[in-house]
Amino acid sequence: FCDKCLNGWYEAKAETCPICFQSSCDCFCVPDAFKEQQNIPSLCFYHPERHDVQSNAIITMKRTRDRELFSFMAKELAPRIEKTLRKMDICAPDCVFTWVPRKRETISKTGFDQGRELCVAVSKELGGELYPLFERLYGKEQKKLDRRGRVKNAERSIVLNVSMSGFPRGFKAESIEEFVNGRNVVVIDDVMTSGSTLKKSVSLLRMAGASRVMVACVAKT
């Protein structure tokens, strides 16, 4: 960020939540899908219609493989994640970090997956392991669907990476369930809207035997 935009970023992090009246980076309000879940660390609110600093940064993350920007966001988000993990009596280096992959068509257009890029940067900051625990089947774009459509789409399109594609050669676990069982997992995303996709990912990890699952994102709508 230039100095002007950096000031805009800090103002965005100080934006007041209309529900809890905390600053956006201290707000732990969650979508209805996560009402029974733990707090979700985030940094700011996402207003794509405003073209403000944080929304332009999010859009840039989606369209451009700017590793400096991903690194900046990771450095900002990492302390929030670490603080929440400490409350759960979990050390970040003991966690597995993962992301929910984008549609293959989207990745083919941009040449990268912003969820993965962000997760790579965050795991480097916190010293945790990085593994692709999910894969996305054919599905519609979440942003084009209403709340009910998002839930149905997430149910159909987000699954565990049962083929274990992307895992290093010689990996000892024979299945995702064997690997995840008893582990603490952090799921990283750029933006949380309805929470449907992330709720599905948490559900899959818990069914696979994960000990604790935490979600973190850069922005919430």
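Predicted model: local features only at pLDDT ≥ 70, side-chain atom pairs only at ≥ 80, totals over all residues.
Could C95 pair up with another cysteine, and what is the distance? The sulfur of C95 is 8.2 Å from the closest cysteine sulfur, which belongs to C91, and that's too far for a bond. A disulfide needs two cysteine sulfur atoms within 2.5 Å, and by this rule the count comes to zero disulfides. C29 is in no disulfide either, with the nearest cysteine sulfur, that of C27, lying 3.7 Å away. C29 is partly exposed, as its relative accessible area is 21%.

| Residue | Relative accessibility | Class |
|---|---|---|
| Q54 | 4% | buried |
| C29 | 21% | partly exposed |

Now for Q54. You'll find Q54 in helix 2, which covers residues 53-63. Leaving out residues up to four places away in sequence, Q54 touches W9, A12, E15, C44, F45 and H47. With F45 there's also a polar detail: a polar atom of the Q54 side chain lies 3.3 Å from the backbone oxygen of F45.

Finally, have a look at the second largest pocket, with a volume of about 290 Å³. Its lining is made of 18 residues, and W99, P101, I107, D113 and F134 lie nearest the centre. Helix 4 (104-110), helix 5 (114-126) and strand 4 (134-136) each give two or more residues to that lining. Strand 4 gives the most, with three residues. Sorted by class, the lining has eight charged, six nonpolar and four polar residues.

Note on methods. Residues numbered from 1 in each chain as written. Heavy atoms only, no water. Helix = DSSP H or I, 4+ residues; strand = E, 2+ residues; numbered from the N terminus. Buried < 20%, exposed > 50% of the residue type's maximum accessible area, 1.4 Å probe, protein only. Polar contact = N/O pair within 3.5 Å; in protein donor to acceptor, adjacent residues only side chain to side chain. Contact = heavy atoms within 4.5 Å. 1 Å grid on protein atoms, 1.4 Å probe; cavity = no way out; pocket = protein on both sides within 12 Å on 5 of 7 lines; lining within 4 Å. Points joined across faces, edges and corners; volume = space filled by probe spheres on them. Nonpolar A, V, L, I, M, F, W, Y, C, P; charged D, E, K, R; others polar.
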